[in-house]
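Biologist: I would like to learn how to read a model like this one. Please start with the terms and then go through the cases.

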Amino acid sequence: PPEWVPPAGWRMRAGTVAVCCLLCAASGLPAARSSQGDREPHYRNCVRLCERNNCSGAALRAFGKMQPLHMLATGWRCADDCKYNCMWATVGLYIKEGHKVPQFHGKWPFYRFLFFQEPASAAASILNGLANYVMLNRYRAAVPFQSPMYRTCISFAMVTLNAWVWSTVFHTRDTLLTEKMDYFCASSVVLYSIYLCCVRFLIDDSLHLLDVKRE
């Protein structure tokens, strides 16, 4: 049979479609706002007083001496501890008055475990990453390297693995950097998924796979 030749400019067309879809989806997103919990005066006053009393001078030095090594290594600061403790103080006040538990900074409250800020979410991200890694190895074992979609699918798996790594980092320690990396890498998975879908429509490798199996 004749050698398979991809249509000219197919990668550029697929990439253009993927970018357009992502931009259209992003244009419909609502503007980010603060949450009810961190707007609460009790929470703000608590954080302000905690930072003033515990995060300067001798109190800060005492905090540094008492802080566990694993908390220090993951960048937990005195101000972060103040926000964490004041968050739960505010949650306790809400529950005591019969109100629903509010969100803080766009997220529900989680109990910290060791240095994991959101242990359940971090564990879920790790498991998703492991599942992705297992399926990547199965794909490598089952699909021939000569397949036209082989490198595209391997690249997609790498992009997805990277996203789950940053998701784990973000749920372990929420900072401005880890938040941006988590959202950026998650967006890259969506973008690459659209690209992969477009490429899959443009390429028919069924005959190619049939020829490889006959060999």
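Modeller: A helix here is a DSSP run of H or I with at least four residues, and helices are numbered from the N terminus. By that rule Asp182 is found in helix α9, which spans residues 176-202. Keep in mind that this is a predicted model.

Biologist: Is Asp182 buried or exposed?

Modeller: Buried means under 20% relative accessible area. Asp182 has 10% relative accessibility, so Asp182 counts as buried.

Biologist: Which residues is Asp182 in contact with, leaving aside its neighbours within four places in sequence?

Modeller: Contact means heavy atoms within 4.5 Å. With those neighbours left aside, Asp182 touches Trp166, Ser167 and Phe170.

Biologist: How many helices and strands are there in the protein chain?

Modeller: The protein chain has ten helices and zero strands. Read from the N terminus, the order of elements is α-α-α-α-α-α-α-α-α-α. The chain has 215 residues, and buried residues make up 30% of them. Among contacts with a separation of 6 or more, 68% join residues 24 or more positions apart.

Biologist: How do I read a helix packing? At what angle do the axes of α3 and α6 cross?

Modeller: The angle is taken between N-to-C directions and runs from 0 to 180 degrees. Helix α3 (residues 41-54) and helix α6 (residues 78-96) have axes that come within 9 Å and cross at roughly 145 degrees. Their crossing is right-handed. On the α3 side the contact is made by His42, Tyr43, Cys46, Val47, Cys50, Glu51 and Asn54. On the α6 side the contributors are Cys78, Ala79, Cys82, Lys83, Cys86, Met87, Ala89, Thr90 and Leu93. By class, the residues of this contact are eleven nonpolar, three polar and two charged.

Biologist: Tyr43 is in that list. What about aromatic pairs: how many does the count come to?

Modeller: Two rings pair if their centres lie within 6.5 Å. The count comes to seven aromatic pairs. In one of these, the ring centres of Tyr43 and Phe104 are 5.3 Å apart and the planes lie at 55 degrees, so the pair is tilted. This pair links distant parts of the chain, with Tyr43 in helix α3 and Phe104 in the loop between α6 and α7 (119-142), 61 residues apart. Tyr43 is buried, with a relative accessible area of 5%. Phe104 is also buried, at 4% relative accessibility.

Biologist: Which residues do ring pairs link into a cluster?

Modeller: Tyr139, Phe145 and Tyr150 are linked into a cluster by ring pairs.

Biologist: And which rings does Arg112 lie over?

Modeller: For Arg, the atom to look at is CZ, which must be within 6 Å of the ring centre. The charged end of Arg112 sits over the ring of Trp76, at 4.5 Å from its centre. Arg112 also lies over the face of Tyr84, and here the distance to the ring centre is 4.2 Å.

Biologist: How should I read positions that are distant in sequence? Where is Met149, for instance?

Modeller: Compare the sequence separation with the C-alpha distance. Met149 has its place in the loop between α7 and α8 (150-172), and at 3% relative accessibility Met149 counts as buried. Met149 and Val199 are 50 residues apart along the chain, and their C-alpha atoms are separated by 8.3 Å.

Biologist: How far apart are Val190 and Thr160 in space?

Modeller: C-alpha to C-alpha, Val190 and Thr160 are 9.4 Å apart, and in sequence they are 30 residues apart. Val190 lies in helix α9 and, at 43% relative accessibility, counts as partly exposed.

Note on methods:
Residues are numbered from 1 along each chain as its sequence is written. This is a predicted model: local features need pLDDT of at least 70, side-chain atom pairs count only at pLDDT 80 or more; totals for chains, interfaces and linings use all residues. Side-chain values use heavy atoms; hydrogens and water are left out. Helices (H or I, at least four residues) and strands (E, at least two) are DSSP runs, numbered from the N terminus. A crossing is left-handed if the near helix is turned anticlockwise from the far one by less than a right angle, and right-handed if clockwise. Ala, Val, Leu, Ile, Met, Phe, Trp, Tyr, Cys and Pro count as nonpolar, Asp, Glu, Lys and Arg as charged, and the others, Gly among them, as polar. Rings of Phe, Tyr and Trp (its six-membered ring) pair if their centres lie within 6.5 Å; planes under 30 degrees apart count as stacked, over 60 as edge-to-face and the rest as tilted. Buried means under 20% relative accessible area, exposed over 50%, partly exposed in between (1.4 Å probe, protein chains only). A charge sits over a ring if NZ of Lys or CZ of Arg is within 6 Å of the ring centre and within 35 degrees of the ring normal.
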